[in-house]
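Student: Could you take me through one part of this protein in close-up? I'd like to look at the packing inside and then at whatever sits around it.

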Amino acid sequence: MSRAFRFGVNMVTPASGDEWRKRCRRAEELDYDVILVADHLGVPSPFPSLVAAAEATVRPRVGTFVLNAGFWNPVLLAREAATTDALTGGRLELGLGAGYVQAEHEAAGLPWGSPGERVDHLRRVVEELDRLLGSDEHQPRPVQHPRPPLLIGGNGDRMLKLTAEHAQIAAFTGARSVPGHPGGKLQHLTPEELDERVATYHRFAAGRAEPAELNLLIQMVTVTDDRRAAIRPVLEHIPQFTEDEALDLPLLLVGTVREIADQVRAQRDRYGFTYITVLEPYMEAFGPVIEELRKP
């Protein structure tokens, strides 16, 4: 049997304390399972935001989606993760990625490096987190044993191999970075390309004792009775796709609530995605879809 659906919302807009807590409570009202925070310059700092989110809510878990590994020293990250897990009562999910926005690293005075170097650093971070948080001698101790669940996001072969080896959650962006673009521009994968990436992950994960949960980050949610009219303004940003091809892209959910729910179910059947994350601007629009998908 497939896993039950889980739904996350990735919070990206700075806010005052009162407004932040209000947004998090609204996410809980809409039945999101996880409140997530990104790790980019110009958005809220992840760990204090997650502690505040947990204090404002009762049920949702909280997580990073995803930390740019190049921003983090693994020893200091282990302290942050363990403290946050303790302060949130064991509700933390730790998401990590290699980073894809060169301009942010340069603004922070941090090395960018080649893609291979960034994946090498991420591997070191992951292995150190396993070692440190898996030790009973590490202080502070996380509530979850041996460490909070690890999510790794990425599509490349080396990233997928690392994910298969270490992560409880495999997160697929459904897009690839445009080479040489300092702002981290992304290009959508076709359904067939995403098929191939998921299949590659499964080959690397063939020896796992427990299968990972598969996550997909959705880039747009538009509830409408006219799918074609809604997708047309998007085509200027993805000129390589026709109208029909754009409507088939896994990252774009366009249609009535029932049509979008059917698309999410179809993507679960095709790819295995049961953990669906939407960006904060689409939190309200996706709420009725969650309700539809919860129905028996």
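Student: Which residues in the largest nonpolar core touch the most other members?

Tutor: A quick word on what you're looking at: this is a predicted model, where local features need pLDDT of at least 70 and side-chain atom pairs count only at pLDDT 80 or more, while totals for chains, interfaces and linings use all residues. Residues are numbered from 1 along each chain as its sequence is written, and side-chain values use heavy atoms, with hydrogens and water left out.

Now the core. A nonpolar core here is a set of buried Ala, Val, Leu, Ile, Met, Phe, Trp, Tyr and Cys residues joined through side-chain atoms within 4.5 Å; buried means under 20% relative accessible area, exposed over 50%, and partly exposed in between (1.4 Å probe, protein chains only). The largest one has 69 residues, and Tyr 32, Leu 96, Leu 122, Phe 172, Tyr 201, Phe 273 and Phe 286 touch the most other members. Its largest share, seven residues, comes from helix α5, residues 115-133 (helices are DSSP runs of H or I, at least four residues, strands are E runs of at least two, and both are numbered from the N terminus).

Let's zoom in on Leu 122. Leaving aside residues up to four places away in sequence, Leu 122 touches Ala 69, Leu 96, Gly 97, Ala 98, Ile 152, Met 159 and Leu 162, where contact means heavy atoms within 4.5 Å.

Leu 122 also belongs to the α5 side of a helix pair: α5 residues including Val 119, Leu 122 and Val 126 meet Arg 158, Met 159, Leu 162, Glu 165 and His 166 in α6. The two helices pack at about 5°, axes 10 Å apart; the axes are lines fitted to C-alpha atoms over the stretch in contact, with angles from 0 to 180 degrees between N-to-C directions. Angles under 35 degrees count as roughly parallel, over 145 as roughly antiparallel, 65 to 115 as roughly perpendicular and the rest as oblique, so α5 and α6 are roughly parallel.

The peptide bond from Gln 139 to Pro 140 is cis, with omega near 0°. Pro 146 is in that loop between α5 and β6 too, and the bond from His 145 to Pro 146 is also cis, omega near 0°. For context, most peptide bonds are trans.

Gln 144, another residue of the loop between α5 and β6, is buried at 15% relative accessible area. Among its contacts are Arg 61, Asp 85 and Leu 92.
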